[in-house]
Amino acid sequence: MISHSNYSTPPVSEFLLICFPNYQSWQHWLSLPLSLLFLLAMGANATLLITIRLEASLHEPMYYLLSLLSLLDMVLCFTVIPKVLAIFWFDLRSISFSGCFLQMFIMNCFLAMESCTFMVMAYDRYVAICHPLRYPSIITDQFVARAAIFVVARNGLFFLPVPILSARLRYCAENIIKNCICTNLSVSKLSCDDITFNRLYQFVAGWTLLGSDLILIILSYSCILKAVLRIKAEGAAAKALSTCGSHFILILFFSTVLLVLVITNLARKRIPPDVPILLNILHHLIPPALNPIVYGVRTKEIKQGIQKLLKRL
């Protein structure tokens with residue numbers, strides 16, 4: 001924090017999170033489905049990680065990337081939902097100054113990490129279908145390790161300035177955040193400083209990273225579709241597309257939920273302010289709950305691995 005000795009008001013040491021300021025009676029009703037989804041997300045991802053770790057047949061680059069996605073989902077979910085439930089159940093609204101900006105960094109950074117992981121997974125499917133003979137030499141364990149380092153480094157470096165810029169602002173007296181989580185926009189608007197650069201940086205960084213990931217994903221699947229349409233063998237095209245089905249479903253769902261969240265924030269004046277808050281919470285909860293389930297249901301090898309794991313118990 002910067003010095004506030006020149007100002008009569010004491011520096012803000014903590015924030016108060018006010019979930020659904022217009023409909024606080026919703027909280028008790030929402031706590032049950034949110035807690036069930038939270039347990040489902042954590043349990044399903046933990047099961048998937050354990051299955052991939054214990055089943056030797058799943059020790060392949062594609063499943064290592066899926067493990068990375070599950071790990072990111074668990075961190076995102078655990079960063080947001082327990083605090084939301086603590087507010088709903090025990091009215092624990094306060095969050096420390098440093099804790100708020102740490103949550104802000106994890107939410108921004110890990111969301112972009114998920115997008116980047118989807119992009120790497122799309123490249124994996126592109127090589128598998130368009131260059132199957134070269135797949136073993138391109139998509140190796142070393143490739144996955146380098147990809148994981150790239151995912152962490154790129155998004156960490158780009159989004160580290162977001163909480164730093166917000167933490168350096170002057171928060172003169174107001175410390176009530178009308179949100180369940182410490183989003184950059186909800187927190188920075190409490191400042192008595194100009195926040196134009198703060199908002200501009202997040203907007204440019206977010207759309208540059210997520211936009212470039214989306215473009216590369218679209219290009220990968222365009223090449224995959226062209227390659228599949230050239231396949232003449234009966235049933236081969238359907239089999240090739242089925243290997244991409246789970247991945248494409250998750251990308252579509254991730255992008256759709258994110259798009260809806262962006263639209264509702266842009267149209268904030270036309271809709272109740274509690275709607276974007278609820279969608280923001282669900283965006284950190286529903287994809288982590290669905291990702292392992294979709295792969296578990298649609299991927300034969302994972303389904304068999306989970307069945308073996310359950311028999312050991």
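The model is predicted, so local features need pLDDT of at least 70 and side-chain atom pairs count only at pLDDT 80 or more, while totals for chains, interfaces and linings use all residues. Residues are numbered from 1 along each chain as its sequence is written, and side-chain values use heavy atoms, without hydrogens or water.

I start with the sheet. Helices (H or I, at least four residues) and strands (E, at least two) are DSSP runs, numbered from the N terminus. The sheet is open, with three strands in the order 2-1-3 and mixed pairing; strands pair if DSSP finds at least two bridges between them. Strand 2 (94–96) and strand 3 (176–177) are the edges, each pairing on one side only. Strand 1, residues 14–17, runs antiparallel to strand 2, joined by three bridges. Leu16 stands opposite Ser94 in strand 2.

Helix 3, residues 97–130, packs on this sheet and touches strand 1, strand 2 and strand 3, contact being heavy atoms within 4.5 Å. Of its 34 residues, 27 are buried, meaning under 20% relative accessible area with a 1.4 Å probe, protein chains only.

Now the helix pair. Helix 2 (residues 61–90) and helix 11 (residues 286–298) pack at about 155°, axes 9 Å apart. Axes are lines fitted to C-alpha atoms over the stretch in contact, and angles run from 0 to 180 degrees between N-to-C directions. The two helices are therefore roughly antiparallel, the term for angles over 145 degrees. Leu66, Leu69, Asp73 and Cys77 in helix 2 meet Pro287, Pro288, Asn291 and Tyr295 in helix 11.

Technical notes
Buried < 20%, exposed > 50% of the residue type's maximum accessible area, 1.4 Å probe, protein only. Parallel < 35°, antiparallel > 145°, perpendicular 65-115°, else oblique.
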